[in-house]
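Welcome! Take a moment to look over the sequence and the 3D view, and then we can walk through some of the details together.

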Amino acid sequence: MPDAMDIEVAEQRLKAMEHSEQHYFNSYNHHGIHEEMLKDEVRTRSYMNAIVQNKHLFKDKVVLDVGCGTAILSMFAVRAGAKHVIGVDMSTIIFKAREIVKVNGMEDKITLIQGKMEEIELPFPKVDIIISEWMGYFLLYESMLDTVLYARDKFLEKDGLIFPDKATIFVAGIEDGDYKDEKIGFWNDVYGFDYSPLKETALSEPLVDVVEVKAVVTDPTAVLTLDLYTCKTSDLAFSCPFDLVARRDDFIHALVAWFDIEFSACHKPIRFSTGPHTKYTHWKQTVFYLKDVLTVEQGEKIECSLHNRPNEKNKRDLDIKIEYRLNTQDPRRAAEGTCLYKMC
Amino acid sequence: MSESYPHSTSSASSSGDSDGWVDADHGNGEDSSDESPVIISLVDDRVFTDAAAMLDYCRDKTGLDFLGVRDRLGLDFHGMVKLINFVRQRVHEGKEVPKDITQADLADDSLLKPVLEDDALILCLDDLPQTASPDKQESSPQVDDLLKKNAELQAELENLTKQFSNYREAVQKTLDDRWQANDEPEDAPPQKTKEKDDYYFESYAYNDIHETMLKDKVRTDAYRDFIYDNKDLFAGKTVLDIGCGTGILSMFCAKAGAARVIAVDRSDILDKARENVFQNKLDKVITCLKGRIEDVTLPVAQVDIIVSEWMGYALLYEAMLPSVLYARDRYLAPNGLLVPSHANMWIAPVSDSEYIADHVTFWRDVYGFDMRAMQDSIYADARAVTLPSRSVCGEPCMFRFLDLHTVRTEDLVFSAPWTSKVAAVTTASEKNSLVDGFLVWFDMFFARSRVEPSIKEDSTALGWCQEDKERRVGFTTGPFSTETHWRQVLFLVDKQTKKMCTLGDAEGQNVGGVIEYVTAEGHARGLNIKISWAVGEGEKQDQMWLLH
């Protein structure tokens, strides 16, 4: 997870929030974020392995750590033999990172710079390797990918490496009746009152939560694959038609999205997934509830399309549209619709 | 009371010219009342007192010629309302306003729904110049028809927005005065610049938070039970709900028979509250007002009951109680009731080696690196946590009691003594455990009357309710009962600089000192909390934490 922007955006929002909303968010504690990320073993261990197990790639290289946070990845790079590492972060966490680097005797090897990538000067004109943990919820929400791409274009040597270099978003259909009822149905009757105005909002807000693998009804389908060596900022606005095929007779209440990350430059490629079929990560999964409940039979196909674009007003927010059409011979079960979501 | 309250001057302006605009706009001083309309620009967040000046400003700034579009399309009153909402919606969404707005753009009837709450511009519509060219003003029969229709629709609109009638009168009067005097409309100097965090697009109505609060059964059940079990108190009464959120407490009161409920919240959630109220057919009883309680004009001079859920972490974090006290002093009838009525605050020493291992010791070795630098803020910041009751290693001590009917804002900054007897321990590992810090929580009481002798300063809410289960309502946010969304607040002692003794050494002794609540500089809603302590006759130590 990106930290600097998260914290700042969170703080700005906190200031704009009302009493009733604020005390919930008070626990938004700067170190809490870093603690959560460091304790996310899937994340941190994957990065560690990708870096430390590939000393042949890092030895004597100049490395740039984009959004370095507590500088853990920078220190991994030093451990892997890097000549020098530059860590950049906008957040004040960089001051803690400096202390940490010093205590670990790496202050000669790591230069930490607070600021925006677009505005700072690096002590080296070019770097051999970019490392970054830039991924947000749904891969792209509040992600730092645009900063990584900027750094790539400006600072990376022609044959330089990017860790990680590949990211893929997957989507599948899920049976989620109980939870949909708890999250969406809740607004039908709140202490005897009709709260349907909040139901619309609830439906339009994708839910970041853990989905159990047994809830997955369809085969997963990739909707976006990013090659970090070649992709452009404009690729982050995308439209993708895709089909979901039901594996069994069931109901579909929602689509779930997750992403996989790959470090393909490694001697043995290292990957991790944030999907429902594998270990918990702090990214969890992202659930998009549909207005309808689809009744599907095994082998039936749901034709879908997903459109994502950064919000025009606030580019860190995402506007997402999902269209779906259940292809079935049975007119009683035929369904189609369009749902709009906003991640903000 | 209100003099001592920092927010009572509602027209505080970041631009520093808050007084200037009134004089400039109404030189005769006659209209320099608080009732002047606040017309928000169609294209940005500037505010005006004069619709014509605002429209001129929009035309000059972005080329949006409202009157021109109106005349070109021959818009009637509804058409203009749609045009306003169309433009506001585009601006709200950050989209460009098309240069050539067509009838098709305005076809959707949903555009009749105001984008902006209490849009003063809509209320001024029939006061705008009737055509772009002043010559035709009195002559056109179409205009007469339009005027007639406007009058009918205006009446309709007024029903919907009765709380704005005084604004409307002020607008009409101002504009009539101006046009009789044949004044050219001129740019009004910027009116009190809105504080940035008031900007109506910025605050977002996070469902999640409201869901969490509504699903906090300890909290919501307590309000519901008190209101529904005491319908006699509410029947026929006027109630003010401060910080109403989704409107749940207002609706409880309406169901309990209140004659009128005024629900106030400054956040965008108020729009949802209004919809909820409408959806539940309680809009005849409940009036929703968006704004700070210090700024809004209530439709009544006095209320019988103030209900509010104002409590923050460690009770006073976020400083919302001063707003409730302001409203109490300004609006509550002499014998009026505050719901809830009393609160008290508790502290106890805690020892929780598991928590320390998870969140403090953790930083010693993170993937082989020493990250102890991250520990500092653990000791500098108070943390909202839910600790298991077994972490509490001494008797809870009540350190502050608030009778909400009489407490003053200045009483919320205080220092209070506390003392707690450390519990006896049995096992060797317990004896070796350190006292890790202090835990603070609060209890709330809902009394039926202003004076309730059965509530003692050191009553626990649960104990007090237990004495008369059928009738009394209260709740605790402490570690010995169901978890609430307030959790408790943990103050970890910095063991790098302070000495803490083991439970074995401290058992049976009194630990105590003073706890101070101070407003945190630079954190308007934050709190500095300082706790001093000594074990028995031991060394006196203290530490300050920030709750933010």
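## Where the two chains meet

Between chain B and chain A, 14 residue pairs are in polar contact, counting pairs with both residues at pLDDT 80 or more. Please keep in mind that this is a predicted model. On the side of chain B that touches chain A, the elements giving two or more residues are α8 (207–215), α9 (217–229), α11 (248–255), α12 (269–279), α14 (353–359) and α15 (376–380) of chain B. The most comes from α8(B), with 9 residues. By type, the residues on this side of chain B are 27 nonpolar, 20 polar and 22 charged.

How many residues of each chain are in contact? The answer is 69 residues of chain B and 56 residues of chain A. The size of an interface is often given as the accessible area lost when the parts come together. Here chain B and chain A bury about 5800 Å² between them, and 57% of that is on carbon and sulfur atoms. The count of salt bridges between the two chains is 1. This bridge joins A:K183 to B:E211, with the closest N and O atoms 3.0 Å apart.

An unreviewed UniProt entry annotates residues 239–336 of chain B as "domain: Methyltransferase".

Now find helix α13 of chain B, residues 321–331. Why is it described as largely enclosed by the rest of the structure? Because 9 of its 11 residues are buried. Among these buried residues are B:L321, B:P322, B:V324, B:Y326, B:R328 and B:Y331. Their cover includes the strands β3 (238–242), β6 (303–308), β7 (332–339) and β10 (397–403) of chain B.

## Charged pairs in chain A

Side chains of opposite charge can pair when their charged atoms come close. A search of the whole structure finds 48 salt bridges over all chains. One of them links A:E41 and A:R45, whose closest N and O atoms are 3.2 Å apart. These two residues sit 4 residues apart in helix α4 (residues 41–52) of chain A, so about one helical turn separates them. A:E41 is partly exposed at 43% relative accessibility, and A:R45 is partly exposed at 37%.

Another salt bridge brings together A:E133 and A:R43, at 2.6 Å from N to O. Because A:E133 lies in the loop between β4 (127–132) and α8 (145–155) of chain A while A:R43 is in helix α4 of chain A, the pair ties together parts 90 residues apart in sequence. Are these two residues buried or exposed? Both A:E133 and A:R43 are buried.

## A network and a strand in chain A

For chain A, the unreviewed UniProt entry lists "domain: Protein arginine N-methyltransferase" at residues 165–328. The chain there is 10% helix and 47% strand, with the end C-alpha atoms 39 Å apart. A:V245 lies in strand β9 (residues 238–245) of chain A and is partly exposed, at 29% relative accessible area. Leaving out residues up to four places away in sequence, A:V245 touches residues including A:V217, A:D219 and A:E300.

A:E300 also belongs to a network of salt bridges with A:E297, A:D330, A:R332 and A:R333. Within this group, A:E297 and A:R333 form a salt bridge, their closest N and O atoms being 3.4 Å apart. A:E297 is partly exposed, with a relative accessible area of 39%, whereas A:R333 counts as buried at 13%.

Technical notes. Residues numbered from 1 in each chain as written. Chains lettered and ligands numbered in written order. Predicted model: local features only at pLDDT ≥ 70, side-chain atom pairs only at ≥ 80, totals over all residues. Heavy atoms only, no water. UniProt positions renumbered as here; feature names shortened; annotations may be inferred. Buried < 20%, exposed > 50% of the residue type's maximum accessible area, 1.4 Å probe, protein only. Contact = heavy atoms within 4.5 Å. Buried area = accessible area lost by both parts, 1.4 Å probe. Salt bridge = Lys/Arg side-chain N within 4 Å of Asp/Glu carboxyl O. Polar contact = N/O pair within 3.5 Å; in protein donor to acceptor, adjacent residues only side chain to side chain. Nonpolar A, V, L, I, M, F, W, Y, C, P; charged D, E, K, R; others polar.
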